[in-house]
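Please go through the charged side chains of the structure shown below. Which of them pair up, and which stay at the surface?

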Amino acid sequence: CFKALGYQNQSYSLDAFHLYQQRDWSALFTIMEDFDSFEDWPWPLMFREIDQRFPDAKFILTTRVNPDVWYRSLCKMAVRMGPFNQFEKHIYGYAMPQGHREEHLAFYRQHNNDVRNYFANRQDKLLEICFDDGVSIRALTDFLNLPSCQYAPPHENKSAKVYAGDSLWRAHVHRVLFQSRWYATRWLKQKKQNLRNILKPGSDS
């Protein structure tokens, strides 16, 4: 979405996350000088430091319709991509959310409340968007002081139908099955592409 609006966007970065763990603000701010917008880890954890370093910055808090929907989404992402031994283990205390529902919900509520309270007296600095209500491009461009446009943000991270329950052992079983199918499908596609390249007639010399 930010790229479509003309921003140089930085998404999650493991290198930046390691710098965040070391609280190396100088190095992180140096990285930020090369971008216009930021999303995913570690950037949401740095909203206070970013606001102090870049006083003209604006912030967007993305939420779900309720904490349980957010938690189920996190569980499904863990089945598709986990375990998360880098980001989530440091942030939430666990590499997989299953079996630790209350701890994750507490973090979610606390983070959202911290952001809202921090910007409570500066509402022009914060826009809150609930993904389940859809993203209003008009509200977004107005908040960012950009010209109105007809761009309709896609739901790029719409999740596949995977296990969303709270059982850790079931999550690991589904994770192995899902990721095995994903890698097998990717391998077969690559093999087919290689075969097509071999069979493709060469151009006349």
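Q: How many salt bridges does the model hold?
A: A pair counts when a side-chain nitrogen of Lys or Arg lies within 4 Å of a carboxyl oxygen of Asp or Glu. By this rule the count for the predicted model comes to 9.

Q: How many residues apart are D51 and R122, which meet in a salt bridge?
A: The side chains of D51 and R122 are bridged at 2.9 Å, N to O. D51 belongs to helix 3 (residues 47-53), while R122 sits in the loop between helix 6 (101-118) and strand 4 (126-130). The pair therefore links distant parts of the chain, as residues are placed in these elements by DSSP runs, and the separation is 71 residues.

Q: Is D51 buried or exposed?
A: Buried means a relative accessible area under 20%. D51 has a value of 6%, so D51 is classed as buried.

Q: Which residue in helix 3 does K125 bridge to?
A: K125 lies in the loop between helix 6 and strand 4. Its partner is 74 residues apart from it, and the closest N and O atoms of the pair are 3.0 Å apart. K125 is itself buried, because its relative accessible area is 8%. The partner in helix 3 is D51.

Q: What is the closest N to O distance between R101 and D68?
A: R101 is in helix 6 and D68 in helix 4 (residues 67-81), 33 residues apart. R101 is partly exposed at 29% relative accessibility, and D68 is partly exposed at 31%. The closest N and O atoms of this salt bridge are apart by 2.3 Å.

Q: Where is K192, a member of a positive surface patch?
A: The patch is formed by K189, K192, R196 and K200. K192 counts as exposed because its relative accessible area is 53%, and exposed means over 50%. The place of K192 is in helix 8 (residues 168-199).

How values were computed. Residues numbered from 1 in each chain as written. Predicted model: local features only at pLDDT ≥ 70, side-chain atom pairs only at ≥ 80, totals over all residues. Heavy atoms only, no water. Helix = DSSP H or I, 4+ residues; strand = E, 2+ residues; numbered from the N terminus. Buried < 20%, exposed > 50% of the residue type's maximum accessible area, 1.4 Å probe, protein only. Patch = residues over 30% accessible without salt bridge, like charges linked within 9 Å, V, L, I, M, F, W, Y side chains within 5 Å. Areas by Shrake-Rupley, 256 points an atom, 1.4 Å probe, with all protein chains shown as cover. Lys, Arg positive; Asp, Glu negative; His and termini not counted. Charge placed at Lys NZ, Arg CZ, Asp CG, Glu CD.
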